[in-house]
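Hi,

Here is the structure I promised to pass on. Have a look at it first, and my notes follow below.

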Amino acid sequence: IVKACLQKGFAVNACVRNKDDPKNKFLGNMVEDAERNKLRLFSADLGVEGSFDEAFANADAVIHAAAQVDPARVTDPMKDMVEPSTTGTFNVLSSVNKSRKVR
């Protein structure tokens, strides 16, 4: 999603749990030099209300493609999958609603 948006000429604010985690380095590595200044990483947590506010503040659009699910730890699908995913979606939408530009 990130690469496709950059290739279309969009600036991208990508949200990850911890922008400084080495496992997220691949995001910066996959972009061309011309696209590099159009990618910004933000730390955000689906389970924390308001954690997307900064990333969405000047965004024109939001693509939400994350879920807070670890299949290896699912013992109760409602509690372990549905509730965290629903809460995360509400938190994303709450940040969208605070933005003045997202349509």
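Which residues make up the largest nonpolar core? There are ten: Phe42, Ala44, Leu46, Phe52, Ala55, Phe56, Ala59, Val92, Val96 and Val102. By nonpolar core I mean a set of buried Ala, Val, Leu, Ile, Met, Phe, Trp, Tyr and Cys residues joined through side-chain atoms within 4.5 Å. Buried is under 20% relative accessible area, exposed is over 50%, and partly exposed is in between (1.4 Å probe, protein chains only). Helices H3 and H4 each supply at least two residues of this core. There is also a second, separate core of nine residues, including Val2, Val12, Ala14 and Val31.

Before the rest, some housekeeping. This is a predicted model, so to speak of local features I need pLDDT of at least 70, and side-chain atom pairs count only at pLDDT 80 or more, while totals for chains, interfaces and linings use all residues. Numbering starts from 1 along each chain as its sequence is written, and side-chain values use heavy atoms, with hydrogens and water left out.

The overall picture

The protein has four helices and two strands, in the order α-β-α-β-α-α from the N terminus. Those are DSSP runs, numbered from the N terminus: helices are H or I with at least four residues, strands are E with at least two. Along its principal axes, the C-alpha trace spans about 45 × 30 × 20 Å. Of the 103 residues, 27% count as buried. The protein exposes about 7,300 Å², and carbon and sulfur atoms supply 52% of that; accessible areas come from Shrake-Rupley with a 1.4 Å probe, and for residues only the protein chains shown count as cover. Among contacts (heavy atoms within 4.5 Å) with a separation of 6 or more, 64% are between residues 24 or more positions apart.

The strands

S1 (12-16) and S2 (residues 39-43) pair in the parallel sense over five bridges; pairing here takes at least two DSSP bridges between the strands. Valine 16 stands opposite serine 43 in S2. S1 has two faces: Val12, Ala14 and Val16 are covered, whereas Asn13 and Cys15 are on the uncovered side.

Leucine 39, in S2, is buried at 15% relative accessible area. Setting aside residues up to four places away in sequence, leucine 39 touches Val2, Leu6, Val12, Ala14, Leu27, Gly28 and Val31. Leucine 39 and cysteine 5 are 34 residues apart in sequence, with 9.9 Å between their C-alpha atoms.

Salt bridges

Side chains of opposite charge can pair when their charged atoms come close. I count a salt bridge when a side-chain nitrogen of Lys or Arg is within 4 Å of a carboxyl oxygen of Asp or Glu, and the structure holds two.

One joins lysine 98 and aspartate 53, with the closest N and O atoms 3.0 Å apart. Lysine 98 lies in H4 (residues 77-98) and aspartate 53 in H3 (residues 53-56), so this pair ties together parts that are 45 residues apart in sequence. Both ends are partly exposed: lysine 98 at 47% and aspartate 53 at 26%.

The other is aspartate 60 with lysine 101, the closest N and O atoms being 3.4 Å apart. This pair links distant parts of the chain, 41 residues apart, with aspartate 60 in the loop between H3 and H4 and lysine 101 in the segment after H4. Aspartate 60 is partly exposed at 42%, as is lysine 101 at 40%.

On the surface

Val69, Met78, Met81 and Val82 form a nonpolar patch with about 300 Å² of accessible area together. Patches take residues with over 30% relative accessible area and no salt bridge, joining like charges within 9 Å and nonpolar side chains (Val, Leu, Ile, Met, Phe, Trp, Tyr) within 5 Å. Valine 69 sits in the loop between H3 and H4 and is partly exposed at 32%.

Lysine 8, in the loop between H1 (2-7) and S1, is exposed at 68%. Arginine 103, in the segment after H4, is exposed at 83%.

Cheers
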